[in-house]
Amino acid sequence: MSADPQPQGSSKLLGRLRLKQFELIKGVSEGLSFRQLADQMSLSQPAISKMAREMEDTLGAAVFERRREGVSLTPFGESLTHDARLIVNKLARLESELAELRRNPIRTLRAGAPSYTGMSLLSRPVALIAARHQQAHVEIIDGIAVRLFDMLMAGELDFVIGSLPGRNLRDDEAALLHVEVLYPDELSFVAHPDTIQGGRQVPIEELLQYSWVMPSKDSLVRNALRTALLKLRLPVPPATVESSPPFIGAVVAEQPGFIGLLRSDSAAYLAQRLNLTLLDVSPRIPLPPVAIFRLRDSEPSELAVELFALVRESVQTLFQD
């Protein structure tokens, strides 16, 4: 009976590939030369060149393109870049967490979320996790969708709760992701109760007479508003105040005459806590859905699964009206 060829191939790679060879791929993908990598890895340049040749012999294909002006990756080498970065970054992260892991069997959670989602969806779940597991450590990294996505793909985050990047994902990126959609998102508008009476549908052009409090001009929210108004052939209002979601809600709550532009989660959260009117504006302007996304080949820890359940409860509570 013939042996299964797949285990033989896997055994060969496990037995012959070295972690430092993945560091070579990662370093070259970031623009470093073999000489620079030799200095960084405390090796001689001949040792680096030998390591690269041995890796190519093991894989049976050229990984590095060697030219007089420097070294780069072949198309095959480029296809290995994601895995190389993931392996190196995960090991570096594991090394930094080993002392904590010895003291505490509950693994540290490192999650990414934009500030508005962190405030509205994650504050209660994280507080409950911290109360239930007093030795647990949860770190929430704030950032825009593109930055958080890149950190997730590099193995620097366990998961992200928010939106996928505005750009279209490549097929190879999409194949690596596990995505659980929490809710479809859209632009939301809040106002002081004395500015506009709630309970009716408000045409978006009616809002243009007021002063606007908005997030930064390069944000997904501002871009979505700008695009929608241009399609409707309406003027794009300037931002009288430009800040983060908590401050947007605080300004609108202090004085009639302002319209606050937010995502639906932060709008619902701030409307409930600051007695703001959540406006029913026409037309509705969709945003990418909010989801939990993680790498498909990285199973969530028990602590992460518990946090996901609490986040789902937060979504139901936030949008129960």
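Predicted model: local features only at pLDDT ≥ 70, side-chain atom pairs only at ≥ 80, totals over all residues.
Local features need pLDDT of at least 70, side-chain atom pairs count only at pLDDT 80 or more, and totals for chains, interfaces and linings use all residues. Residues are numbered from 1 along each chain as its sequence is written, and side-chain values use heavy atoms, with hydrogens and water left out.

Start with the rings. A pair of aromatic rings is described by the distance of the centres and the angle of the planes. Here, rings of Phe, Tyr and Trp (its six-membered ring) pair if their centres lie within 6.5 Å; planes under 30 degrees apart are stacked, over 60 edge-to-face, and the rest tilted. The count by this rule is four aromatic pairs. In one of them, the ring centres of Phe-159 and Phe-308 are 4.8 Å apart and the planes stand at 80°, so the pair is edge-to-face. Phe-159 belongs to strand β5 (residues 159-162) and Phe-308 to helix α13 (residues 302-318), so the pair ties together parts 149 residues apart in sequence. Helices (H or I, at least four residues) and strands (E, at least two) are DSSP runs, numbered from the N terminus. Phe-159 and Phe-308 are buried; that means under 20% relative accessible area, with exposed over 50% and partly exposed in between (1.4 Å probe, protein chains only).

Phe-189 and Trp-212 are also edge-to-face, at 6.0 Å centre to centre and 90° between the planes. Phe-189 is in strand β6 (residues 177-191) and Trp-212 in strand β8 (residues 211-214), so this pair links parts 23 residues apart in sequence. Both Phe-189 and Trp-212 are buried.

Now follow β8 to its partners. Strands pair if DSSP finds at least two bridges between them. Three bridges join β8 to β10, and the two run parallel. Val-213 stands opposite Gly-260 in β10. Three bridges also join β8 to β9, again parallel. There, Val-241 is the bridge partner of Val-213.

Helix α10 (residues 220-231) comes next. Its buried residues are Val-221, Arg-222, Ala-224, Leu-225, Ala-228 and Leu-229. What covers the buried residues includes β6, β8, β9 (239-242), β10 (258-263) and β13 (286-295), where contact means heavy atoms within 4.5 Å. Just after α10, Arg-233 takes a positive phi of about 60°.
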